[in-house]
Amino acid sequence: MSAGPGIVPAQLRALPWRVLFLVMAIGGFGLVVLYSAASGSLTPWAASQGAKFAVFLVMALAMSRVPISIWKDGAWPAFVFILVMLLAVELLGAVSGGSRRWLDTGIIRLQPSELMKLTIVLALAKFYDQLPAGEIRGWNALWPAAVAIVLPFGLVLTQPDLGTATMIALGGIVVVFLAGVPLRLFFAAGGTLLAALPVVWAFMHDYQRNRVLIFLNPESDPLGTGYHITQSKIAIGSGGIFGKGFLQGTQSHLDYLPEGHTDFVFATMAEEWGFLGGLFIIVAFLLLFRWGLRVAARAPTRFGQLTAAGLTATIFFYVAINLSMVMGLAPVVGIPLPLVSFGGTAMMTVMLCLGILMSIDRAGSQRRSGFQ
């Protein structure tokens with residue numbers, strides 16, 4: 001009977017408490033910002049976001065117990081399955097806001113493109129893990145990966161969702177680069193992609209082209225396409241060092257700042273919490289990235305190393321693109337700030353990434369313990 005109490009503390013000690021506290025700090029601060037964005041109310045955003053955060057955090061902890069071999073065995077089947085779902089979106093997808101991005105099952109609405117951000121990393125990590133070392137310097141190391149990246153990129157671009165398509169491509173490219181493909185092949189492929197940009201431009205919708213053009217000169221249409229960027233920069237700049245104070249933001253509370261609880265939540269936060277609040281968010285994410293890179297460095301297998309690095313890069317691109325977007329350093333492409341912006345889709349994706357990262361970290365810890 002005395003063994004029971006001893007097991008629980010051991011299980012608790014095995015949890016990655018440092019990263020959990022870091023994730024909860026980011027998510028908790030996000031709830032505070034959403035509470036303020038609703039003018040001091042838990043509804044409609046903060047309470048719902050908190051419930052989703054708790055569910056997905058438990059899901060990530062459950063995933064951390066899954067052996068790394070399971071992720072490896074399921075990598076390509078999962079990639080093919082999500083690719084088929086992307087094709088189904090083209091044929092049967094639900095249209096919302098002028099975009100066809102979801103599959104409506106009658107019970108839940110799925111956005112397969114979000115899951116592709118994850119599976120592209122797993123699939124390419126397995127591909128390079130199994131590729132013979134002697135072939136890494138030839139075209140056989142590049143063209144299968146290029147096909148695996150271009151197919152989902154093209155399907156998501158036609159939904160249309162330029163931001164998600166870009167993140168899928170970037171996640172895959174990171175794995176290809178870290179796998180050790182020679183730079184001459186890497187740059188040759190990059191040149192091919194640059195040559196294909198006119199084709200991508202032709203497939204883009206008018207509003208997407210306008211977002212790119214307005215990024216180059218937001219003042220050309222401050223009350224139209226450039227309104228989001230202009231108001232975002234006003235909100236961030238008006239926060240100063242210490243911010244206007246909790247619940248004291250004017251840009252968001254007076255509805256000058258569009259999407260102040262989703263894509264532009266960082267601007268809402270910066271107005272009330274100032275430079276220090278923004279610094280807290282950025283430093284917290286940097287520490288999360290540092291942990292992810294350490295997991296990659298200590299992973300026991302090549303698959304684990306490439307997967308951990310690719311998933312860390314995926315979370316990084318979420319943050320980097322969103323912050324660049326709200327500061328006017330990149331076109332507005334609809335990428336939320338993970339764990340902070342309202343919505344469950346991006347949060348689910350990031351928590352899936354964290355769950356697999358914790359699984360790889362656990363495998364590395366067990367292997368190091370075995371050598372001791």
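The protein chain has an average pLDDT of 86, and 87% of its residues score at least 70, where pLDDT is the predictor's confidence in each residue on a scale from 0 to 100. This is a predicted model, in which local features need pLDDT of at least 70 and side-chain atom pairs count only at pLDDT 80 or more, while totals for chains, interfaces and linings use all residues. Residues are numbered from 1 along each chain as its sequence is written, and side-chain values use heavy atoms, with hydrogens and water left out.

**Overall make-up**

- The protein chain contains 15 helices and three strands; helices (H or I, at least four residues) and strands (E, at least two) are DSSP runs, numbered from the N terminus.
- Of the 372 residues in the protein chain, 48% are buried, where buried means under 20% relative accessible area, exposed over 50%, and partly exposed in between (1.4 Å probe, protein chains only).
- Among contacts between residues at least 6 apart in sequence, 73% join residues at least 24 apart, a contact being heavy atoms within 4.5 Å.
- The accessible surface of the protein chain is about 17300 Å², of which 69% belongs to carbon and sulfur atoms; accessible areas come from the Shrake-Rupley method with a 1.4 Å probe, and for residues only the protein chains shown count as cover.

**Cis peptide bonds**

- Thr43 and Pro44 are joined by a cis peptide bond with omega of about 5 degrees, and Pro44 sits in the loop between α2 (17-37) and α3 (46-63).
- A cis peptide bond also runs from Gln159 to Pro160, with omega near -5 degrees, and Pro160 belongs to the loop between α7 (143-157) and α8 (162-178).

**Helix α8**

- The 17 residues of α8 should span 24 Å at 1.5 Å a residue, and the end C-alpha atoms of the helix are 24 Å apart, which agrees; the expected span of a helix is 1.5 Å times one less than its number of residues.
- Because 12 of the 17 residues of α8 are buried, this helix is largely enclosed by the rest of the structure; among those buried residues are Leu162, Met167, Ile168, Gly171, Gly172 and Val176.

- Leu247, in the loop between α12 (227-238) and α13 (265-298), has a phi near 70 degrees, a positive value in a residue other than glycine, and is partly exposed with a relative accessible area of 32%.
- Glu259, also found in the loop between α12 and α13, has a positive phi near 55 degrees and is partly exposed at a relative accessible area of 40%.

**A buried loop residue and a surface patch**

- Gln111 lies in the loop between β3 (109-110) and α6 (112-130) and is buried, with a relative accessible area of 13%; leaving aside its neighbours within four places in sequence, Gln111 is in contact with Arg101, Trp102, Asp161 and Thr345.
- Ile241, Phe242, Phe275, Leu276, Leu279, Val283 and Leu287 form a nonpolar patch on the surface, with about 670 Å² of accessible area together; patches are made of residues with over 30% relative accessible area and no salt bridge, like charges being joined within 9 Å and nonpolar side chains (Val, Leu, Ile, Met, Phe, Trp, Tyr) within 5 Å, and a salt bridge is a side-chain nitrogen of Lys or Arg within 4 Å of a carboxyl oxygen of Asp or Glu.
- Leu287 of this patch is in helix α13 and is partly exposed, with a relative accessible area of 42%.
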